[in-house]
Amino acid sequence: MWKKTIFSLAICTMATVTNAQQTTPVNAVQLAFKKSYESEYNLKYAKAIEELTPVYDAKSYELNLRLGWLNYLNIKYVSSIDYYKKCIELAPKSIEAKLGLTYPLASLERWDEVIVQYKEILKLDPTNMTANFQLALINYNRKDYAQALPYITTYVTSYPFNFEGVNLMGWIHYASGKKDVAKTYFQKALLINPLSKNYELLPEMK
Amino acid sequence: MEILNKIFFITLIFFGATYFVFSQSEINLREAFKKSYDAEYQLKYQKAIDELTEVYDASSYELNLRLGWLNYKNNRWNESVTYYKKAIAKMPMSIEAKLGIVNALAGLDKWDEIIAMYRSILKIDPYHAIANYRLALIYYNRSDFGNSWKYLKNYINVYPFDFDGNSLAGWIKYSVGKKEEAIVFFRKALLVNPYDTSFNKVVGTNK
């Protein structure tokens with residue numbers, strides 16, 4: 001009976017030891033993150049990535065997020081996208097990962113995919129500041145003012161005294177030919193930043 | 001014909017005057033805001049308030065918001081709350097005004113009103129990061145860990161790699177006796193900030 005118990009305990013202990021050897025100890029991961037941050041602060045992005053390689057685990061949200069960020073900083077946009085996409089698979093509700101993914105996508109000028117990510121954020125969080133503002137800006141730059149307007153309206157409704165929001169709202173109206181409405185927003189923008197020279201050349205503002 | 005000329009002339013005078021008054025009042029308002037910002041940057045909050053007094057219009061969202069902020073900075077919390085409430089009445093969907101008023105309410109220790117304000121933000125924006133995190137923190141400090149977790153869950157679901165979120169998640173779990181779950185969150189927090197020492201007594205100094 002005792003022999004059986006000791007044997008079972010030995011098997012159990014061996015299995016635990018084997019498992020511990022197969023997975024990276026928590027301390028090693030924390031140490032790797034610490035070294036990675038130190039390299040990042042010194043702007044050594046490739047080294048910051050290398051510090052994480054020995055402890056990399058494809059199922060770790062944290063490692064994928066960090067590698068997404070570091071690869072973006074290291075101008076390895078395609079790799080950055082791959083890591084961020086793994087994050088989103090692991091944590092589909094993560095807004096931070098979706099926001100992170102927009103950086104390398106924007107650098108590669110994959111604007112349709114950027115739009116998809118912002119719209120995904122808005123499905124979770126319809127009044128998300130960044131997503132609404134950026135979607136308004138992208139559509140404004142595409143001269144699609146009708147598409148830009150609802151996004152900037154949501155933004156300005158929540159943050160009516162924000163220069164970027166009020167300024168863009170003005171330009172969207174101005175570009176749509178609604179110059180009187182635009183003027184109202186430009187005047188509000190000038191209350192927030194009286195030093196702005198954005199509207200100096202507009203005859204409507206003289 | 002003479003009557004028509006007179007009407008035309010009167011109309012011209014009227015619109016010209018209206019345009020001039022509107023433009024002049026806009027210029028005065030802008031100048032007052034500029035002077036107010038200048039005074040604020042020099043930490044002269046009372047002067048920053050005074051600069052706006054002459055142009056004050058109770059129906060202006062912008063003036064009430066700015067006076068709410070400046071009175072808060074000037075430690076006039078009751079006045080600050082009054083101005084912010086006017087701004088909120090003018091723009092009920094404004095999150096920035098609601099975030100502003102909580103600063104003054106916190107100065108007055110009016111925590112139930114702060115909770116109401118954060119909840120009203122969540123009605124507009126259910127995943128608002130600040131509102132969810134701070135509600136979780138207030139309930140944690142009240143030892144109401146059930147409500148605290150309810151709000152924090154929303155926060156860490158969308159920002160899983162955030163130090164404050166993981167730290168508070170760990171402390172909530174620790175407080176309800178779920179030490180192993182607490183350690184998981186503390187270890188995540190330590191990945192975000194490896195220099196933190198606030199979990200040493202739980203996680204151990206060798207982490």
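Residues are numbered from 1 along each chain as its sequence is written, while chains are lettered from A and ligands numbered from 1 in the order in which they are written.

## Exercise 1

Describe the secondary structure of chain A and of chain B.

Solution. Step 1: helices (H or I, at least four residues) and strands (E, at least two) are DSSP runs, numbered from the N terminus. Step 2: chain A has eleven helices and zero strands. Step 3: chain B also comes to eleven helices and zero strands.

## Exercise 2

Solution. Step 1: a residue is buried if 20 or more other C-beta atoms lie within 10 Å of its own, exposed if 12 or fewer, and partly exposed in between, with C-beta atoms placed from the backbone.

## Exercise 3

Which part of chain A has pLDDT under 50?

Solution. Step 1: pLDDT is the predictor's confidence in each residue, from 0 to 100. Step 2: chain A has a mean pLDDT of 89, and 87% of its residues reach 70 or more. Step 3: the part asked for is residues 1-22 of chain A, where the model has zero contacts beyond four places in sequence. Two residues are in contact if their C-beta atoms, placed from the backbone, lie within 7 Å. Step 4: where pLDDT is low, the predicted coordinates should not be read in detail.

## Exercise 4

Describe how domain 1 of chain A meets domain 2 of chain A.

Solution. Step 2: six residues of domain 1 of chain A are in contact with six residues of domain 2 of chain A. Step 3: on the domain 1 side, α6 (95-107) and α7 (111-124) of chain A each supply at least two residues. Step 4: the largest share of that side, four residues, comes from α7(A). Step 5: sorted by class, that side has six nonpolar, no polar and no charged residues. Here Ala, Val, Leu, Ile, Met, Phe, Trp, Tyr, Cys and Pro count as nonpolar, Asp, Glu, Lys and Arg as charged, and the others, Gly among them, as polar.

## Exercise 5

At what angle do α7(A) and α8 (residues 129-141) of chain A pack?

Solution. Step 1: two packed helices are described by the angle between their axes and the distance between the axes. Axes are lines fitted to C-alpha atoms, for helices over the stretch in contact, and angles run from 0 to 180 degrees between N-to-C directions. Step 2: the angle for α7(A) and α8(A) is about 145°, and their axes are 9 Å apart. Step 3: the crossing of α7(A) and α8(A) is left-handed, a term for a near helix turned anticlockwise from the far one by less than a right angle, with clockwise being right-handed. Step 4: from α7(A), the residues in this contact include A:Trp111 and A:Tyr118, and from α8(A) they include A:Gln134 and A:Leu135. Step 5: by class, the contact of α7(A) with α8(A) has nine nonpolar, one polar and no charged residues.

## Exercise 6

How many residues does each chain give to the contact of chain A with chain B, and which element of chain A gives the most?

Solution. Step 1: chain A gives 29 residues and chain B gives 28 residues. Step 2: on the side of chain A, the elements giving two or more residues are α2 (26-41), α4 (61-73), α6, α9 (145-158) and α11 (179-192). Step 3: α2(A) gives the most, with seven residues. Step 4: this side of chain A has 15 nonpolar, eight polar and six charged residues.

## Exercise 7

Why do B:Phe33 and B:Arg66 count as buried?

Solution. Step 1: B:Phe33 lies in helix α1 (residues 2-41) of chain B. B:Phe33 is buried because 22 other C-beta atoms are within 10 Å. Step 2: B:Phe33 touches A:Leu191 and A:Pro194, not counting residues up to four places away in sequence. Step 3: B:Arg66 is in helix α3 (residues 61-73) of chain B. B:Arg66 is buried because 26 other C-beta atoms are within 10 Å. Step 4: with residues up to four places away in sequence left out, B:Arg66 touches B:Ser36 and B:Leu52.

Technical notes
This is a predicted model: local features need pLDDT of at least 70, side-chain atom pairs count only at pLDDT 80 or more; totals for chains, interfaces and linings use all residues.
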